[in-house]
Amino acid sequence: MESGDDSVLRSRCRALPKMPTFPDLDSSLDRECSQGEHQQGNGDSHITSNGKIEVEHVISKKLQLKRKAEYLKSDLMRQFDSQVNDFMDSLIEESASLEPAPVPAVFSPPLSDKERSKLRHFRPPHGQGKQFVSRRSLLDELFEVNHIRTIYHMFIALLILFILSTLVVDFIDEGRLVLDFNLLVYAFGQFPLVVSTWICMFLSVSVVPYTLFHLWSQTQSGSYSHPRLYSFLFGSVFLLYQALGLGFLPTYVVVTNSLPPASCFIIILEQVRLMMKAHSFVRENVPRFLTWAKDKTSPCPVVPQVSQYLYFLFAPTLIYRDKYPRNPVIRWGYVATKLLQVLGCLFYAYYVFVRLCIPQFRSISLQLLDLRAMVLCVFNSILPGVLILFLGFFAFLHCWLNAFAEMLRFADRMFYKDWWNSTSFANYYRTWNVVVHDWLYYYVYRDFLWISQKRFRPAAMLFVFTVSAVVHEYILAICFGFFYPVLFCLFMCFGMMFNFILHDQRKGPIWNIIMWTSLFLGQGVIICLYSQEWYAQRYCPLKEPSFLELLKPRSWSCQRGLMTD
């Protein structure tokens with residue numbers, strides 16, 4: 001038994017120095033084990049000389065070894081915890097380098113990643129309107145990641161190649177560098193008329209809706225009899241102003257002066273924006289006075305100040321609030337950068353049309369429409385259509401709105417969400433343009449449900465699609481100068497169908513691929529058909545067209561022989 005205990009003690013002491021992780025502890029244990037072995041050797045000679053077993057000595061050695069094992073266990077766990085903590089800290093630091101940087105000082109107070117995630121997916125309580133919070137645009141956060149910023153650099157490189165190819169082709173054809181921008185000059189023609197028309201629209205919307213609301217609010221104080229009659233009167237005047245002052249007159253100026261496309265888009269888009277803002281101002285303030293007029297137990301609501309209303313007219317939102325979250329300072333360098341990016345996107349679109357669209361459709365539009373030509377036209381139009389889609393999104397929803405938000409110190413910059421990650425068209429419609437979606441959701445969808453007492457949700461969704469499709473088609477028809485309801489059919493047919501087929505339950509990468517494929521094909525169809533109709537209207541004009549001939553697409557019958565005649 002003694003030889004067995006000795007062999008066990010020696011084997012344990014020899015095993016301890018083989019642990020590589022704790023050299024300081026190992027050396028101390030080596031010294032203690034060697035001393036134990038030396039003492040054990042002396043003990044052996046002592047036992048031999050005395051002829052008896054020193055049990056107490058063996059027990060003390062076992063207790064000493066037990067204490068060393070407990071010390072080793074506690075130290076091992078302590079070192080293991082320390083290494084795990086160091087590893088987790090380094091992992092968090094490495095992952096944080098791939099996340100958006102903390103909010104700058106102008107967006108004070110700084111928010112943690114958890115708080116930023118909550119704000120990004122913030123939803124107001126049920127029954128309340130949109131809640132504005134301080135948050136940055138998603139692309140501003142993503143561009144702080146090198147991998148995402150590289151994609152931005154790739155688009156800049158593509159623009160440089162477009163410019164070089166245009167210069168080289170012009171030099172080969174003309175023998176000199178042609179640096180004219182005839183297309184831009186034509187598209188933005190009659191610009192002084194555009195500016196004067198916009199000034200008239202803005203002055204009218206600055207005075208008429210606010211004055212009508214202020215006068216109406218005085219009739220609800222109780223000092224006037226028949227308040228409902230006054231409500232009907234002022235409401236009728238407001239609707240008449242919306243229809244004639246903001247609706248008919250700007251359209252009449254555009255049509256009678258035959259403004260080119262870009263100038264038309266400026267006036268018509270501003271017309272729609274101001275009409276939506278005027279509706280939001282009345283829709284948000286009238287219920288407060290009506291609720292107070294019923295019981296009059298609470299203090300009378302205060303009419304918004306003129307400065308609040310004017311701020312709302314310029315603010316990059318279509319939902320009125322008396323106050324918005326504001327940033328403390330204006331970063332003028334940020335404003336200049338965004339405006340320069342808008343200008344760069346404008347020239348980018350110019351080169352896309354010059355290099356990819358005009359050469360193709362100038363020749364295609366001279367051919368009779370057939371299936372083969374249509375298929376080739378659609379697929380050849382996908383690349384310019386996708387580029388125009390990206391440029392329009394980046395120039396307006398990111399750069400233009402962020403520039404105005406910065407100048408107004410408007411802190412809620414969620415003008416869009418991560419629509420590119422959508423696996424359903426329902427999510428794409430919600431995240432592509434949050435500014436317009438909020439207006440449609442609160443003032444069309446929810447008001448429709450309120451009127452119908454929440455009994456016709458599919459009908460409410462259909463009504464939203466119809467309003468959106470009609471407004472989009474109205475804008476294109478006025479700006480292009482012809483009626484060709486391609487976008488309306490895509491909205492009402494394929495848009496509605498995909499909204500129910502590719503719904504929110506569809507998850508996974510395959511559905512994102514399907515969404516992108518459908519989006520690319522849709523852009524190709526839009527660019528192809530509208531471009532063909534544009535050239536057909538110029539090649540085959542009708543001298544005295546009837547109403548039915550105006551509704552019939554000219555590209556269905558226009559061909560080379562008609563153009564020559």
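**Ground rules**

This is a predicted model, where local features need pLDDT of at least 70, side-chain atom pairs count only at pLDDT 80 or more, and totals for chains, interfaces and linings use all residues. Residues are numbered from 1 along each chain as its sequence is written, and side-chain values use heavy atoms, with hydrogens and water left out.

**Exercise 1. Work out what secondary structure the chain has, and what share of its residues is buried.**

Step 1: go through the secondary structure. The chain has 21 helices and 0 strands. Helices here are DSSP runs of H or I with at least four residues, strands are runs of E with at least two, and both are numbered from the N terminus.

Step 2: check burial. Of the 565 residues, 40% count as buried. The cut-offs are under 20% relative accessible area for buried, over 50% for exposed and partly exposed in between, with a 1.4 Å probe and protein chains only.

Step 3: look at contacts, meaning heavy atoms within 4.5 Å. Among contacts with a separation of 6 or more, 74% are between residues 24 or more positions apart.

**Exercise 2. Find the side-chain partners of Asp140.**

Step 1: locate the residue. Asp140 lies in helix 5 and has a relative accessible area of 12%, so it is buried.

Step 2: list what Asp140 touches, leaving out residues up to four places away in sequence: Tyr334, Lys338, His398 and Asn402.

Step 3: pick out the polar contacts. Such a contact is a pair of N or O atoms within 3.5 Å; within protein, one must be able to donate a hydrogen and the other to accept it, and residues adjacent in sequence count only if both atoms are side-chain atoms. The side chain of Asp140 pairs with that of Lys338 at 3.4 Å, and with that of His398 at 3.4 Å.

**Exercise 3. Tyr241 and Gln242 both sit in helix 9; trace the polar partner of each.**

Step 1: Tyr241 has a relative accessible area of 10%, so it is buried. Gln242 has 10% relative accessibility, so it counts as buried too.

Step 2: follow Tyr241. Its side chain makes a 2.9 Å polar contact with the side chain of Ser204. Beyond neighbours within four places in sequence, the contacts of Tyr241 include Met201, Val205 and Pro209. Val208 is 33 residues away in sequence, yet its C-alpha is 8.0 Å from that of Tyr241.

Step 3: follow Gln242. Its side chain reaches the backbone oxygen of Met275 at 3.2 Å. With neighbours within four places in sequence set aside, Gln242 is in contact with Gly247, Met275, Ala278 and His279.

**Exercise 4. Describe the second largest pocket: which helix gives the most to its lining, and which residue classes make it up?**

Step 1: recall the idea. Rolling a probe the size of a water molecule over the atoms shows where empty space is left. On a 1 Å grid over the protein atoms alone, a pocket is an open set of points where a 1.4 Å probe fits, with protein on both sides within 12 Å along at least five of seven lines; lining residues have an atom within 4 Å of a point.

Step 2: take the volume, about 700 Å³. Grid points are joined across faces, edges and corners, and the volume is the space filled by probe spheres set on them.

Step 3: count the lining. There are 22 lining residues, and Phe143, Ile151, Tyr152, Phe155 and Phe394 lie nearest the centre. Helix 6 (146-174) is one of the helices that supply at least two residues, and helix 6 gives the most, with 6.

Step 4: sort by class. The lining has 20 nonpolar, 2 polar and no charged residues. Nonpolar covers Ala, Val, Leu, Ile, Met, Phe, Trp, Tyr, Cys and Pro; charged covers Asp, Glu, Lys and Arg; the others, Gly among them, are polar.

**Exercise 5. Two residues other than glycine have positive phi, Ser258 and Arg409; find where each lies.**

Step 1: Ser258 has phi near 50° and is in the loop between helix 9 and helix 10. Its relative accessibility is 57%, so Ser258 counts as exposed.

Step 2: Arg409 has phi near 60° and lies in the loop between helix 14 and helix 15. Its relative accessible area is 27%, so Arg409 is partly exposed.
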